[in-house]
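Thanks for coming. I will go through one model today, starting with the ligand and then moving along the chain. Here it is.

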Amino acid sequence: MSQEHPLPLAGKVALVTGSSQGIGRAIAQRLAQMGADIVINYRSNAQAAEAAKAEIEALGRRCIAVQADVSQEEDVLRLFAEISSTLGPVAILVNNAGTTRDKLIIQMSLNDFEHVIDTNLRSAFLCTKAALRGMMKARWGRVINIASVAGLMGPAGQANYGASKAAVLSLTLSTAREMASRNITANALAPGFIPTELTSIVTEPQRKYMLDSTPLGRFGTTDEVAAAAAFLCSPEAGYITGQILSIDGGMSIHI
Ligand code: NAP
């Protein structure tokens with residue numbers, strides 16, 4: 001790190017939930033390139049998490065990989081205790097862990113509904129609550145919530161997912177209002193269709209429909225979502241809070 005051009009996030013600790021693969025992994029790598037020390041979090045795939053950690057360490061950053069189901073309060077408390085005793089307080093929180101269980105409402109069990117709400121929304125509430133105290137003390141913080149275009153559109157077959165993401169958008173706005181006086185910003189990203197393991201189950205006709213609904217005529221990449229997250233964490237974005245940034249090739253222009 002040169003003295004004239006220190007990396008913008010040097011010395012800051014970033015927790016990216018669900019960062020063993022996909023969008024979260026790309027965000028973790030991008031924040032590490034900007035100088036942040038990184039917490040990789042995962043629920044089940046330890047091997048992928050270790051590979052993600054190795055990528056970060058290769059950039060010269062400190063990194064820990066912590067298994068924790070972020071929909072569970074005891075796991076979140078354990079996760080934050082481990083971070084604070086190894087890397088220090090969390091300055092940047094990216095609520096990214098998410099899942100789907102797509103079904104029509106009439107075929108959706110209460111368990112399908114609750115599992116998705118808990119993974120996508122309850123986790124964001126629990127991690128935000130756990131992170132804010134340290135950010136308030138530091139009088140600096142960034143919360144980035146990974147929502148979805150689904151939270152703006154209410155897609156058929158995704159009542160659970162769309163509702164969870166709409167709620168995450170509202171959680172973002174409340175966080176922004178409550179924390180503005182402490183110099184903590186909260187913003188949401190609303191990606192469109194990004195090929196990852198999450199979207200690997202989408203059928204060909206569904207893919208074609210998504211593509212036809214995307215004015216730019218292609219799917220997005222995890223790096224394109226990561227670039228937006230990196231901007232919102234940067235010093236240049238310090239006056240941006242309570243915003244929803246769509247990264248969807250124009251899909252939401254139709255709304
Ligand atoms: P992905 O490839 O399936 O990755 C999901 C990540 O979340 C994995 O690291 C997974 O860890 C972790 N995870 C899942 N449940 C967890 C839990 N309870 N506790 C801790 N970690 C958990 O998904 P993705 O496509 O990158 O999606 C990332 C986020 O972007 C999600 O919030 C998703 O809703 C949102 N998003 C995605 C798209 C898209 O098109 N891909 C579009 C809009 C929004 P394990 O593998 O170890 O379980």
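**The ligand and its surroundings**

For Ala-68, a backbone N or O atom sits 3.4 Å from a nitrogen atom of the ligand. On its own the ligand has 900 Å² of accessible area, and the protein covers 95% of that. These areas come from the Shrake-Rupley method with a 1.4 Å probe, and for residues only the protein chains shown count as cover.

Before going on, the ground rules. This is a predicted model, in which local features need pLDDT of at least 70, side-chain atom pairs count only at pLDDT 80 or more, and totals for chains, interfaces and linings use all residues. Residues are numbered from 1 along each chain as its sequence is written, and side-chain values use heavy atoms, with hydrogens and water left out.

How many residues surround the ligand? There are 31, and the closest are Ser-20, Asn-45, Asn-96, Tyr-161 and Thr-196. A residue is near a molecule or strand if one of its heavy atoms lies within 4 Å of it. The shell divides into 12 nonpolar, 15 polar and 4 charged residues. Here Ala, Val, Leu, Ile, Met, Phe, Trp, Tyr, Cys and Pro count as nonpolar, Asp, Glu, Lys and Arg as charged, and the others, Gly among them, as polar. Helix H1 (22–33), strand S2 (37–42) and helix H6 (159–179) each supply at least two residues of this shell. Helices (H or I, at least four residues) and strands (E, at least two) are DSSP runs, numbered from the N terminus.

**What the record says**

The unreviewed UniProt entry lists Asn-96, Tyr-161, Gly-162, Ala-163, Ser-164, Lys-165 and Ile-194 under "binding site". UniProt positions are given in the numbering used here, feature names are shortened, and annotations may be inferred rather than shown by experiment.

Tyr-161 is in helix H6. Is Tyr-161 buried or exposed? Tyr-161 counts as buried because its relative accessibility is 9%, and buried means under 20% relative accessible area, exposed over 50%, partly exposed in between (1.4 Å probe, protein chains only). Asn-96 is in the loop between strand S4 (92–95) and helix H4 (110–138), and Asn-96 is buried too, at 9%.

UniProt also annotates residues 12–192 as "domain: Ketoreductase", again in an unreviewed entry. Over that stretch the chain is 51% helix and 18% strand, with the end C-alpha atoms 29 Å apart.

Arg-139 has a positive phi, near 50°, in a residue other than glycine. Arg-139 is in the loop between H4 and strand S5 (141–146), partly exposed at 47%. Asn-183, also not glycine, has a positive phi near 65°. Its loop runs between H6 and strand S6 (184–191), and Asn-183 is partly exposed at 39%.

Last, Ala-58 in helix H2 (residues 46–58) is exposed, with a relative accessible area of 70%. Ala-58 and Ala-32 are 26 residues apart in sequence and 9.9 Å apart in space, C-alpha to C-alpha.

Notes. A polar contact is a pair of N or O atoms within 3.5 Å; within protein, one must be able to donate a hydrogen and the other to accept it, and residues adjacent in sequence count only if both atoms are side-chain atoms.
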